Amino acid sequence: QVQLVESGGGLVQAGGSLRLSCAASGRTFSSWTMGWFRQAPGKERECVAAISWTAGSSGGSTYYADSVKGRFAISRDNAENTVYLQMNSLKPEDTAEYYCSAVRRYYSDYFNVRRLGTYDYWGQGTQVTVSS
């Protein structure tokens, strides 16, 4: 079993930055895909970024939604079992509950990394509010 705990959300003005963290416990990272999803009131949950890697690799394959490309960056720290989402140039439309997700499999195709059903583990969410 894997537990995911998000942190780093909060209130920020438009143009500002936040860094979300997702700490995983219960199992050491091997080959994984981890994603950041968000859900705004009245909207479906959507994948904004994902990273996939195989055991022993130092990098990973990344995916970004068009709406966040160039502003958000996903990264991982194997030693800390943590995945980060650096969010820059935040806009009011980025306001949402952000969720971390994980699955013990390497996916490199955009179809699978964007699907909610791909992921077996979910965090409890952290709220991001961007004021105009």
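Author: Asp 120 is placed in the loop that runs between helix H1 and strand S10 (121-122), where helices (H or I, at least four residues) and strands (E, at least two) are DSSP runs numbered from the N terminus. The model is a predicted one, in which local features need pLDDT of at least 70, side-chain atom pairs count only at pLDDT 80 or more, and totals for chains, interfaces and linings use all residues. Residues are numbered from 1 along each chain as its sequence is written, and side-chain values use heavy atoms, with hydrogens and water left out.

With a relative accessible area of 54%, Asp 120 is exposed; here buried means under 20% relative accessible area, exposed means over 50%, and partly exposed covers what lies in between, for a 1.4 Å probe and protein chains only. Leaving aside neighbours within four places in sequence, Asp 120 is in contact with Ala 102 and Val 103, contact being heavy atoms within 4.5 Å. Pro 92, by comparison, is 28 residues from Asp 120 in sequence and 30 Å from it in space, C-alpha to C-alpha.

The part to examine closely is the disulfide, defined as a pair of cysteine sulfur atoms within 2.5 Å. A search of the whole structure finds 1 such link, and it joins Cys 22 to Cys 100 with an S to S distance of 2.0 Å. The angle about the S-S bond is -80°, and the link of Cys 22 and Cys 100 is left-handed. Cys 22 belongs to strand S3 and Cys 100 to strand S9, so the pair ties together parts that lie 78 residues apart in sequence. Cys 22 counts as buried because its relative accessibility is 0%, and Cys 100, with a relative accessible area of 0%, is buried as well. Cys 47, on the other hand, takes part in no disulfide, and the nearest cysteine sulfur, that of Cys 100, is 11 Å away. At 7% relative accessibility, Cys 47 too counts as buried.

Val 83 lies in strand S8 (residues 82-87) and, at 1% relative accessibility, counts as buried.

The nonpolar packing can be described next. A nonpolar core is a set of buried Ala, Val, Leu, Ile, Met, Phe, Trp, Tyr and Cys residues joined through side-chain atoms within 4.5 Å. The largest such core holds 39 residues, of which Leu 4, Met 34, Trp 36, Ile 74, Leu 85, Met 87 and Tyr 98 touch the most other members. Among the strands that each supply at least two residues of this core are S3 (18-25), S8 and S9 (96-103), while S5 gives the most, with 6 residues. Apart from neighbours within four places in sequence, Met 87 is in contact with several residues, including Leu 18, Leu 20, Phe 72, Tyr 98 and Val 128.

Strand S3 also carries Arg 19, which at 46% relative accessibility counts as partly exposed. Its contacts beyond four places in sequence are Ser 7, Gly 8, Tyr 84, Leu 85 and Gln 86.

Most residues other than glycine have a negative phi. Asn 81, although not a glycine, has a positive phi of about 50°; it is found in the loop between S7 and S8 and is buried, with a relative accessible area of 16%. Ser 89, again not a glycine, has a positive phi of about 50°; Ser 89 is located in the loop between S8 and S9 and is partly exposed, at a relative accessible area of 41%.

Lastly, the structure holds 1 cavity of 30 Å³ or more, a cavity being a set of points, on a 1 Å grid over the protein atoms alone, where a 1.4 Å probe fits but cannot get out, with lining residues having an atom within 4 Å of a point.

Notes
On a 1 Å grid over the protein atoms alone, a cavity is a set of points where a 1.4 Å probe fits but cannot get out, and a pocket is an open set with protein on both sides within 12 Å along at least five of seven lines; lining residues have an atom within 4 Å of a point. Grid points are joined across faces, edges and corners, and a volume is the space filled by probe spheres set on the points.
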